[in-house]
Every structure is written in structure tokens, then in C-alpha cells.
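Open the model in your viewer and keep the selection panel at hand. The tour goes from the sheet to the ligand, then to the cavities.

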Amino acid sequence: MELKQRIWADPGQYLRAEQPDAPVLFCAPSVLRETARGFIDGFGGLVTYAVKANPEAQVLESLAAAGIGTFDVASPSEMAQVRAVLPGAVLHYHNPVRSEAEVAAALDHGVASWSVDSLSELGKLAGRVPRGSEIAVRFKLPAPGGAYDFGTKFGAGEDAAPALLRAVTARGLRPALTFHPGTQCTEPRAWARHIEAAARIAGAAGVRLVRLNVGGGFPAHRGGAAPALGAIFEAIHAATRRAFGARGPALVCEPGRALVAEGLVLAARVKAIRDGADVFLNDGIYGALAELPLMGVPGRVAVIAPDGTPRRGAALPRAVFGPTCDSLDTLPGRPALPADMVEGDYLLFSGFGAYSAATATRFNGYGELRRVTVLSAGLDSGN
Ligand SMILES: Cc1ncc(COP(=O)(O)O)c(C=O)c1O
């Protein structure tokens, strides 16, 4: 019996050979490893991974192989997903609000660091978590810097955070601060402003921070120039030195998007072009394209024919819909797509590893993604 090829050279090779009618998520473990190594070298503190961006086993294994050993988990289910693949992983439970049952499950999983943004949630932990556990007080600033505002749900204001930090030390727990500047944040200054605020909060509390977690929010490449992560890392270190002096806290970060986006490519098929105008895809906002209404359509979308030929027609703005019977299932704006595109072609979304499979639903019976491993996330290496 002939064995079916399990690892493909690139997405183009697979699409030509299989011509799948379901959406496909291509994973390139080598790209995930390379991205993680770049982050570890560039950041120069502890790099942890925010599992919510993509909790799949292959992703966790690839990041661990590159040296990531600590994982920010948002729920007991994510804890179990990490432990199933990496039993020795260090877990940071940085969802600041938890039920009593979730606290108990996290204690069973041996969580090492917790975040809180209120006295009521600190009260649920005090007396239950082992003495000396790290508690990171999550704070927020009025104007964050990301693609959308993360401060509407979590974070103590700068006025309330010092009392919370003092309450952490008073209970014999290790005080840390954490923030999230907002996802896909391209502005280095957003981190600097938060770090300056962290120093003010620690000063007002009279508490020496053990660690400062500068969150996720690091941008992925969505088109145009690749994001300048180096400038963000520099801004973080410079602001920490300025604000805290030579004896500043140890730095931690917990990126989701920036670690995994580039390692995966999504292929969605054109299921119909209605009377030559509106485009219907086999994936949409209830599937792996769920983020698009919030983030806009990224600039890195290529269209290829089933035989792999790139469509190079003039860019034509069109209405693009997902496959469900719901009118909301529409891509934002009128994405410009090649005029020579036809039914059966594939749209390839590069840099699609974050918040794609993780947030896809099975609404209307759609949303099932085929998973394929590739050596390269490049669209076609000519194989
Ligand atoms: C506490 C926390 N850390 C990290 C992240 C990861 O953010 P990003 O994917 O923007 O890096 C999130 C995202 O929701 C979060 O809530």
C-alpha cells in the first residue's frame, strides 16, 4: 500500500495535488521555531506564550522545541491542553477573573503565576495559593495602543493599582505588575508609557516589583512592511532602565499573535462568484476569518488557480461573503481581488496562525479546517 505524503513542501504543492473543497490551515513548524528563537534572542527577558492565540499541539511543540517553557493560559482547559503535550511546562494563569472551581483546577495544575485586577479576585486566591506565589497586578492606561482596546474589560486604573499591589505583599505573595497594550500594537511608545506607569504604581505602593510582565500585543506582519519588533524591544529596555534604574524588575512578555501568526497560512476556496460580481468563500467570519471584522482584511492575500497559477488580473474591489446563511458573514470593506479570479480558485492568507483556528465555530455546519504540515509557509517553492 502506498503511504500518503504527510508533509508537503508548501501550500501550493498540496493545493495542486489535492484541490480540497474545505478550508485548509497549513502549519510550518520550522517557521514557528525560527520566530520563537528570534523573539527569545531579541526580547532578552522571559518569553512566555499566550496559548489562546493557537492552542494546537503542533504549535505548542514547535515553540517548546525552540526554547519556550512557560505558557500563559486563560482557562483550565488550556492548562490541560498544554500539560497533555508538555507535562513539565510552567503555567501563568493571567486571566484576571476566575470562578472558585477554576481556582481549584489551576491549583491542581500547579500554576506558578496569577494575575488579578481587583481585591475581590485577590481574595479568592489568598490563603489558597502557596505562600510566595507570584501575583501580577494587571493595570491599564486610558489610551492603549493596539488594534482595539483591551482596557474595556480588564485592568485596575493607575489610582487603584497601588493598593492592590500592597495587598499582594501583605498576604505574603510575590508582587509583580502586568499590562496589555492592545493586540497588534505597532507603537513602541505604548510599551514605554505603560512601563513608566508601572514605576509610578510601584513607587506609590512602596513595593519592589519582582517581575514586570509587558504583556502580549506585539504585532504580526499584516501587509506593507514587516513590523519592527526590534524597535519595540529597545523601547521596553530603555523605558525600564529610565523608570526603574539599574535595579529594575526582571522582564517577562506573553505574546500570542507575534509568535504564531507567521507559521500558518490559511487557504479558503472561492465557492461561487454570483453573476460575476460577489465572491462567496468556503470560510468566513464564523470560521477562521473571525478576526477580520475587528482587524480589517490583511494585505497579504494571494489568489491562485487550482493548478497553482497565480491570478494577476487588475485589482477589483468586491463584496466577499463567507459560506453561512447569515448576512453578517461578510468580510469588511470591499477587498480588492484579481479581476481574472474564477470559481474554484484559492485565496491564501499568509501570517494566519493567530486567532484563526482558535476562534473558529461550526456555525451552519461550516468552519471545519483541514490541517496540513508544510516545510515552508511560502506560497509556492515550485515543487
Ligand atoms: C493576558 C493576555 N496576555 C497575552 C495575550 C496575547 O495577546 P497578543 O496575541 O496580542 O500578543 C492576551 C490576549 O488576549 C491576553 O489576554
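**Stop 1: the sheet**

Select the strands of the open sheet: nine of them, in the order β3-β11-β10-β9-β8-β7-β6-β5-β4, with parallel pairing. Its edge strands are β3 (46–47) and β4 (49–50), and each pairs on one side only. Strands here are DSSP runs of E, at least two residues long, numbered from the N terminus; two of them pair if DSSP finds at least two bridges between them. This is a predicted model: local features need pLDDT of at least 70, side-chain atom pairs count only at pLDDT 80 or more, and totals for chains, interfaces and linings use all residues. Residues are numbered from 1 along each chain as its sequence is written, and side-chain values use heavy atoms, with hydrogens and water left out.

Now select 174–178 and 211–213. These are β9 and β10, which run parallel and are joined by three bridges. T178 stands opposite N213 in β10.

**Stop 2: the ligand**

Next, show the polar contacts (N or O pairs within 3.5 Å):
- G217: a polar backbone atom is 2.8 Å from a ligand oxygen.
- E254: a polar side-chain atom is 2.8 Å from a ligand nitrogen.
- G256: a polar backbone atom is 2.9 Å from a ligand oxygen.

**Stop 3: the largest cavity**

Which residues lie nearest the centre of the largest cavity? Select R222, R257, E291, G351 and A354, from a lining of 14 residues. A cavity is a set of points, on a 1 Å grid over the protein atoms alone, where a 1.4 Å probe fits but cannot get out; lining residues have an atom within 4 Å of a point.

Colour by domain to finish. Domain 1 (7–26 + 261–374) and domain 2 (29–260) each give at least three residues to this lining; the bounds come from an automatic or database domain assignment.

Conventions
Helix = DSSP H or I, 4+ residues; strand = E, 2+ residues; numbered from the N terminus. 1 Å grid on protein atoms, 1.4 Å probe; cavity = no way out; pocket = protein on both sides within 12 Å on 5 of 7 lines; lining within 4 Å. Polar contact = N/O pair within 3.5 Å; in protein donor to acceptor, adjacent residues only side chain to side chain.
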